[in-house]
Amino acid sequence: MVFALSYNVMCRTVFGDRHGGGAGVYHGRRNWFREVMAETQAIVAEFCAADFFPGWDWIDSTTGHRARLERNFVVVNGIYERVIEEHLRRGKEEDDGDRREEDLVDVLLRSHGEAGDGGFPASMDYVKGIMADMLFGGTDTTSATIIWTMTELMKNPRVMAKLKQELEDVIGNKSKVEETDLEQLQYLKLVIKEALRLHPPSPLLIPRETLEPCKIEGYDIPAKTLVFINASAIARDPKTWKNHNEFCPERFDLVGVDSKGQDCNYVPFGVGRRSCPGADFGAVVMELVLANLLYCFAWCLPDGMMPRDVDMEGARGLTMHKKVPLCLIAKSKSLCNYSLHPSNF
Ligand code: HEM
């Protein structure tokens with residue numbers, strides 16, 4: 001459910017509708033594009049010999065990795081081309097009639113061929129690249145973080161109760177939380193920050209390569225070395241974080257830690273020039289979804305299940321999802337109380 005929601009948000013932003021327009025529905029299969037995304041992510045996460053042994057890329061041909069990659073490229077490229085064609089056609093049709101609201105593809109196509117703010121025209125490959133960045137960078141990361149946050153909240157009734165109280169105080173009698181309310185939900189921001197500390201969706205960030213030789217802690221690192229940054233280990237380092245495995249959002253209230261790559265002890269969005277360009281957008285989506293889920297419903301564990309029974313293992317993959325899916329029951333707000341009784345922990 002949460003993945004579908006994040007995916008719909010991204011599709012609306014990029015393509016202008018929930019299912020990715022012409023890309024989403026293919027031969028009557030609505031989930032087709034989601035399947036393509038899942039396949040792309042599986043391939044990127046798969047072992048690729050050429051990444052580790054340059055010049056040995058023939059190994060990838062023998063394992064079938066290369067063929068799978070090329071097949072996937074043809075499909076994904078075809079999707080982007082259909083979306084672009086559809087937007088160009090609709091643009092022409094609308095020239096004389098009512099104009100609909102612009103989406104990201106419209107904006108990118110408008111800058112195609114003319115020098116944009118950055119001073120260079122956007123090529124078609126650039127337009128396709130931005131679409132890919134938004135869909136692949138934004139969907140899995142936000143949905144995984146929303147699910148991990150809900151998981152931690154179910155395991156920590158004290159935090160859940162405090163957050164629900166904040167929502168009641170700020171939102172009052174409104175039927176739903178709106179974007180303009182988010183600024184006041186300060187505890188929610190801390191809760192998400194803490195969930196990102198314990199469960200960064202990209203635990204190893206994006207691999208880097210050294211440009212020149214350097215020395216780190218006495219070790220000589222030659223140029224062109226592949227470097228992985230273990231963001232997950234950094235965020236749980238007991239030398240930096242007191243009670244490092246404990247879910248305690250208040251810790252960020254005591255020490256102001258920047259999450260946008262300025263503080264090297266906490267890098268869920270990466271660090272440096274390669275850091276996440278979608279961090280602010282992702283934060284708004286996560287805050288809005290979580291605030292509404294928690295404000296509009298009371299969430300309970302299935303009958304007989306205690307918070308301590310909730311599985312916390314991460315699955316393998318490019319983005320770290322929960323290994324065992326989180327299954328919760330949504331009830332009317334008055335029917336579930338978050339008891340702080342010790343037997344619940
Ligand atoms: C919970 C939300 C998100 C998290 C935790 C997250 C995390 C990350 C991380 C760790 C990186 C790698 C940075 C590095 O290696 O230094 C990254 C890169 C990236 N993210 Fe995000 N991200 C999130 C949401 C988004 C959203 C919503 C978008 C797009 C709308 C997005 C687009 C990208 C792109 C395009 C890159 C690649 C940047 C590059 O290689 O130059 N991300 N993200």
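Helices α9 and α13 are roughly perpendicular to each other in this predicted model, their axes crossing at roughly 90°. Helices α3 and α8 are likewise described as roughly perpendicular to each other. Helix α8 also gives the most residues to the shell around the ligand, and the iron atom of that ligand has C276 as its only protein donor.

**Helix pair α9 and α13**

- Helix α9 covers residues 157-171, and its axis comes within 10 Å of the axis of α13.
- An angle of 65 to 115 degrees counts as roughly perpendicular, and α9 and α13 are therefore placed in that class.
- On the α9 side, the contact is made by M160, L163, K164, L167, E168 and I171.
- On the α13 side, A291, L294 and Y295 take part.
- By class, the residues of this contact are seven nonpolar and two charged, with no polar residue.

**Helix pair α3 and α8**

- Helix α3 spans residues 32-45, and its axis and that of α8 come within 11 Å.
- These two axes cross at roughly 90°, and α3 and α8 are therefore roughly perpendicular to each other.
- F33, M37, T40 and Q41 of α3 meet L135, F136, T139 and D140 of α8.
- The contact of α3 with α8 divides into four nonpolar, three polar and one charged residue.

**Iron site**

- The SG atom of C276 lies 2.3 Å from the iron atom of the ligand and is its only protein donor.
- C276 sits in the loop between α12 (251-254) and α13 (279-296).

**Ligand shell**

- The ligand is surrounded by 26 residues.
- The closest of these residues are I206, R208, V271, R274 and C276.
- The shell is made up of 13 nonpolar, ten polar and three charged residues.

- A polar backbone atom of I206 is 3.1 Å from an oxygen atom of the ligand.
- For V271, a polar backbone atom is 3.1 Å from an oxygen atom of the ligand.
- For G137, a backbone N or O atom lies 3.3 Å from a nitrogen atom of the ligand.
- The elements that give two or more residues to the shell are α8 (124-155) and α13.
- Helix α8 gives seven residues, the most of any element.

Terms used. Residues numbered from 1 in each chain as written. Predicted model: local features only at pLDDT ≥ 70, side-chain atom pairs only at ≥ 80, totals over all residues. Heavy atoms only, no water. Donors = N, O, S within 2.8 Å, 3.2 Å for Na, K, Ca; no water. Helix = DSSP H or I, 4+ residues; strand = E, 2+ residues; numbered from the N terminus. Near = heavy atom within 4 Å. Polar contact = N/O pair within 3.5 Å; in protein donor to acceptor, adjacent residues only side chain to side chain. Nonpolar A, V, L, I, M, F, W, Y, C, P; charged D, E, K, R; others polar. Axes fitted to C-alpha atoms, helices over the stretch in contact; angles between N-to-C directions. Parallel < 35°, antiparallel > 145°, perpendicular 65-115°, else oblique. Contact = heavy atoms within 4.5 Å.
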